[in-house]
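Please look over the sequence and the model below.

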Amino acid sequence: MKLSIITINLNNAEGLQRTIESVVSQTFTDYEYIIIDGGSTDGSVDIIKQYAEKFTYWVSEPDKGIYNAMNKGIAIAKGEYCNFMNSGDWFYDNNVLTDVFCRNIDVGIIIGNTLFVNDKKTTLYKSGFLNKCHKITFSWLYNHTICHQATFIKREILCKFPYDESKRIVSDYKFFIETLILNDVDYAHVDNIICYFEGG
């Protein structure tokens, strides 16, 4: 299996439905879909049950935060790559995954572009570092970010460098420093918009 898509959710039923619909509408089919819900009480579980046949695995139970939930998803995943499309975020169009994986790229981390949606304004974040410096450096990461929603990370790397659950909001940033800078994991940039990322 090429890809495991993991969605983390807590009390965001409306966003969760939008995310699920963007995943199950993909033309690419070589994926499994995993939902890790943190024990929502807002109707999210009803949404999950509505689409239950589309999921390889889902659970709704209390967790210790977003990175604990992401690590739980990794432990379940079977795909070569993992993507975290968390509730409220959604794929740019129905052909995103087909467009990425038809290229047969074989690197540790595939990085695409993101559309940030915040207060009705949409801004393109283009991870066009390969056009500028040809290498991600610590100084580049200090001034920029890589959105996990727009990345496809080999599961073996995520297992080797699990998300630090002691960090409340910056563990993905720490992950990219550990992998791309300190351990020289190989990567590629695809100049495609992968997703919409909902601010807030």
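Where is the place of N11? N11 sits in the loop between β1 and α1; helices (H or I, at least four residues) and strands (E, at least two) are DSSP runs, numbered from the N terminus. This is a predicted model, in which local features need pLDDT of at least 70 and side-chain atom pairs count only at pLDDT 80 or more, while totals for chains, interfaces and linings use all residues. Residues are numbered from 1 along each chain as its sequence is written, and side-chain values use heavy atoms, with hydrogens and water left out.

**Backbone angles**

Most residues other than glycine have a negative phi. N11 is not a glycine, yet its phi is positive. N104, in the loop between α4 and β6 (109-118), is not a glycine either and also has a positive phi. The table gives the values; buried means under 20% relative accessible area, exposed over 50%, and partly exposed in between (1.4 Å probe, protein chains only).

| Residue | Phi | Relative accessible area |
|---|---|---|
| N11 | about 50° | 38%, partly exposed |
| N104 | about 55° | 65%, exposed |

**Strands and crossovers**

Strand β1 covers residues 3-9 and contains S4. β1 and β2 pair in the parallel sense over seven bridges, where pairing requires that DSSP finds at least two bridges between two strands. I8 stands opposite I36 in β2. Between these strands the chain passes through helix α1 (residues 13-24), and this β-α-β crossover is right-handed: with the strands pointing away from the viewer, the path from the first strand over the helix to the second runs clockwise.

Strand β2 (residues 31-37) has seven of its seven residues buried. Y31, Y33, I35 and D37 point one way from the strand, and E32, I34 and I36 the other way. On to β3 (residues 57-60), β2 pairs in the parallel sense over four bridges, and D37 has S60 as its bridge partner.

S4 is buried, with a relative accessible area of 0%. Its side chain makes a polar contact of 2.5 Å with that of E32. A polar contact is a pair of N or O atoms within 3.5 Å; within protein, one must be able to donate a hydrogen and the other to accept it, and residues adjacent in sequence count only if both atoms are side-chain atoms.

**Nonpolar cores**

A nonpolar core is a set of buried Ala, Val, Leu, Ile, Met, Phe, Trp, Tyr and Cys residues joined through side-chain atoms within 4.5 Å. The largest has 31 residues, and those with the most contacts inside it include L3, L97, F101 and F152. Elements that give two or more residues to this core include β1, α1, β2 and β9 (187-198). A second, separate core of 29 residues includes I6, I36, I136 and W140.

**Cysteines**

How many disulfides does a search of the whole structure find? The search finds zero, a disulfide being a pair of cysteine sulfur atoms within 2.5 Å. The sulfur of C102 is 18 Å from the closest cysteine sulfur, in C195, so it is too far for a bond. C102 is exposed at 53% relative accessibility. C195 is buried, at 0%, and the nearest cysteine sulfur to its own, that of C147, is 6.4 Å away.
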